[in-house]
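Okay, thanks everyone, I'll keep this short. I'd like to talk through some charged pairs today, so let me put the model up.

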Amino acid sequence: MADIDNKDQAELDMADMEDVEEVEDEEAGEDVNSKARQLTAQMMQNPQILAALQERLDGLVGSPSGYMESLPKVVKRRVNALKNLQVKCAQIEAKFYEEVHELERKYAALYQPLFDKRSDIVKAAYEPTDEECEWKADEEEELTVSKQEEMKEKAKVEEEKKDEEKEDPKGIPEFWLTVFKNVDLLSDMLQEHDEPILKHLQDIKVKFSDPGQPMSFTLEFYFETNDFFTNQVLTKTYKMRSEPDESDPFSFDGPEIMGCTGCQIDWTKGKNVTLKTIKKKQKHKGRGTVRTVTKTVPNDSFFNFFSPPEVHEGGELDEDSEAVLAADFEIGHFLRERIVPRAVLYFTGEAIEDDDDDDYDEEGEEADDEEGEEEADEENDPEYDPKKDANPPAECKQQ
Amino acid sequence: MEGDHSETRGKVGDQVMQNPQALAALQDRLDSVSHTPSTIESLPKSVKRRVNALKHLQVRCAHIEAKFYEEVHELERKYAALYQPLFDKRRDVLSGAVEPTDEECDWHSDREEEEELAEELKKKAAVEEKKEEPVVEEDPKGIPEFWLTIFRSVDMLSDLLLEHDEPILKHLQDIKVKFSEPGQPMSFTLEFHFEPNNFFKNTVLTKVYKMKSEPDPAEPFSFEGPEIVDCEGCDIDWNKGKDVTVKTIKKKQKHKGRGTVRTIIKQVPNDSFFNFFNPIKVSSDGELDEDSEFTLATDFEIGHFFRERIVPRAVLYFTGEALEDDESFEEEDLEEGEEEDHEDDGDEEEGDFDPKA
């Protein structure tokens with residue numbers, strides 16, 4: 001027996017292992033756990049200790065600073081010193097975000113030529129060359145050569161028929177309208193009567209505030225000449241808070257949208273979709289006569305986007321307006337961060353799968369496959385995107 | 001099938017399927033409801049062509065974006081140097097190396113005032129009762145167990161923490177984030193600085209996270225900024241008998257044939273935070289099994305979390321303030337507002353005629 005006892009695992013014959021059956025597992029070495037268990041049992045039987053424990057716990061429960069309060073005074077003092085350092089960090093962080101904003105401004109200028117080209121193609125101001133249009137399909141969709149040819153021929157014949165029936169479409173018709181329809185956040189705002197107007201939307205641009213100005217960005221909606229209003233551009237400006245709030249320095253997590261302004265729309269007569277007239281029949285209580293009264297009331301429309309509730313300094317908004325505004329900020333942020341930079345991917349639908357995260361989980365809907373752990377997007381700039389983040393400063397977005 | 005319900009439905013369904021007009025209407029309806037990528041297929045050829053041109057432009061955007069993130073990384077490197085003196089001071093204060101001045105400790109908050117009040121009350125009440133000071137009489141240096149407390153307070157970290165890790169983490173004095181240099185592949189390193197201790201000889205344990213910072217040519221549109229793709233730990237020079245990442249177990253084994261019993265000693269991996277420094281390697285070609293993939297994904301999450309939140313805002317995790325922020329964030333349910341139809345014409349009802357109106 002003595003030989004076999006305490007043999008090193010490596011020395012054991014594999015054949016031997018088959019012949020044995022395991023009887024017990026024990027943890028060798030210091031049996032720390034059982035000692036601790038014993039101690040604990042003892043403690044729990046000592047009424048004085050229990051009372052002290054209870055008091056301690058009472059003090060801790062319910063407040064995050066509970067732990068803090070239980071610290072010795074000298075230590076608390078040092079923690080406060082760290083908090084003061086943290087405030088300084090927050091102030092440096094604000095400068096960091098300013099520089100990031102500058103970087104974004106710089107890169108906006110680099111993207112702009114590509115976006116301008118996009119706009120030219122969409123509105124048929126430019127016809128791309130064959131080379132510019134070459135695009136390999138997904139590998140999965142690759143079929144055998146002959147099958148492809150067959151399908152091409154078929155498609156060609158059908159296309160030719162179609163093309164003959166319709167006039168040759170210019171550019172990419174209804175490009176932005178399609179984007180709106182494909183994206184839940186936007187389609188939610190879209191009413192039927194908005195669609196004919198949005199067919200005239202040719203481009204959406206993002207402009208950044210200049211250095212030295214309070215931080216903001218502006219969305220510019222460019223419309224071709226149309227029957228509905230005379231403006232060529234409709235604008236929405238989002239103002240951001242880019243510095244820590246002195247009374248709450250630790251809540252600062254990067255620039256945050258805190259207000260917005262729209263613009264006036266010069267509607268052609270009778271075309272204002274943000275208003276509707278209703279007729280009301282009224283009966284005179286006394287005389288019994290009936291009259292018809294015409295009233296103008298607000299109408300649901302995407303174009304209310306350009307007259308958001310005003311945030312007054314220090315003023316509070318009612319709950320409804322607050323909700324509207326919160327949704328508005330989300331939309332502004334989304335247009336800036338995702339839609340404008342990647343419009344074609346929303347047109348084709350490729351980007352929509354990516355965005356299908358739990359932000360928009362609705363009760364009752366069939367659960368989509370949730371890819372891993374995804375957390376809700378922050379409304380702040382930069383975004384905390386679950387896996388990846390399109391926004392600085394958190395350049396790598398695993399969370 | 002039982003039940004009238006389904007039978008009726010079946011009948012109606014059959015009828016619809018046989019009526020070509022109904023079918024066509026259905027199809028139209030379906031087509032207009034979903035704007036799925038398949039509708040792109042139905043676009044005229046000339047338009048599809050232009051859409052492809054836009055996709056090309058989009059690839060170019062992705063490449064510009066990659067350069068943008070490189071510059072952001074540089075900005076982060078630059079600011080890391082600006083934060084560093086503050087973090088160094090933090091380390092000095094919490095290790096007890098430097099005692100902050102009264103001015104540096106001046107912190108006013110509502111809670112502080114409440115606490116001062118409470119202190120005064122306590123003093124009055126405690127004249128007779130000389131409450132015993134905590135068992136440890138010695139004047140605590142710095143902020144004892146600063147980082148350990150953070151580990152305990154933060155779910156993501158406490159999940160990794162085992163009891164036997166705690167005595168070791170008491171010696172953790174600082175966690176630093178270092179960024180890769182310009183020109184190098186993008187990465188960041190977490191450095192865990194320990195004071196001399198009985199457990200291992202290293203003064204620093206490191207974990208490097210490597211990032212992919214450019215669009216994948218096969219999938220350029222999935223690029224959304226740098227992403228952690230791999231990581232590397234370090235060797236821990238454990239003192240004898242102190243390695244908490246392994247445990248020895250005794251196994252009694254009975255020989256089936258002979259009936260003799262023997263005891264063997266095995267070394268097996270032990271759960272420990274310190275396995276953090278010995279992560280699963282991502283093989284260059286191979287796929288990982290689901291478990292390993294999940295473990296690695298969690299590891300990446302943790303690395304990111306250290307870098308983005310813990311190290312920059314450590315004191316707020318120590319006090320718990322940052323936990324509220326993180327938590328309240330998850331609880332926010334952005335419910336789709338139930339829009340009330342404003343067709344409701346306010347308070348006027350039919351039949352009332354207000355001469356003043």
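A:E174 is partly exposed, with 32% relative accessible area. Keep in mind throughout that this is a predicted model. So who does A:E174 pair with? Its side chain makes a salt bridge with that of A:K199, at 3.5 Å from N to O. A:K199 also counts as partly exposed, at 43%. What I like here is where the two sit. A:E174 is in the loop between α7 (145-165) and α8 (175-182) of chain A, and A:K199 is in the loop between α10 (195-198) and β3 (201-208). They are 25 residues apart, so to speak a link between distant parts of the chain.

Now, over to the pairs that involve both chains. Take B:E224 and A:R338: their side chains form a salt bridge at 3.1 Å, N to O. This one joins two chains, because B:E224 belongs to the loop between β3 (204-212) and β4 (227-232) of chain B, while A:R338 is in helix α11 of chain A, residues 319-339.

Next one: A:E350 with B:K55, where the closest N and O atoms are 3.3 Å apart in the salt bridge. A:E350 is in helix α13 of chain A (residues 350-355) and B:K55 is in helix α4 of chain B (residues 45-95), so again we have a pair that joins two chains. The two ends have their own burial classes: B:K55 is buried, with a relative accessible area of 12%, whereas A:E350 is partly exposed at 31%.

And then there's a network. Salt bridges link A:R77, A:R78, B:E99 and B:D102. How many salt bridges are there over all chains? The count comes to 34.

Let me finish with chain B as a whole. Its secondary structure is 11 helices and six strands. There are 357 residues in chain B, and 39% of them count as buried.

Methods: Residues numbered from 1 in each chain as written. Chains lettered and ligands numbered in written order. Predicted model: local features only at pLDDT ≥ 70, side-chain atom pairs only at ≥ 80, totals over all residues. Heavy atoms only, no water. Helix = DSSP H or I, 4+ residues; strand = E, 2+ residues; numbered from the N terminus. Buried < 20%, exposed > 50% of the residue type's maximum accessible area, 1.4 Å probe, protein only. Salt bridge = Lys/Arg side-chain N within 4 Å of Asp/Glu carboxyl O.
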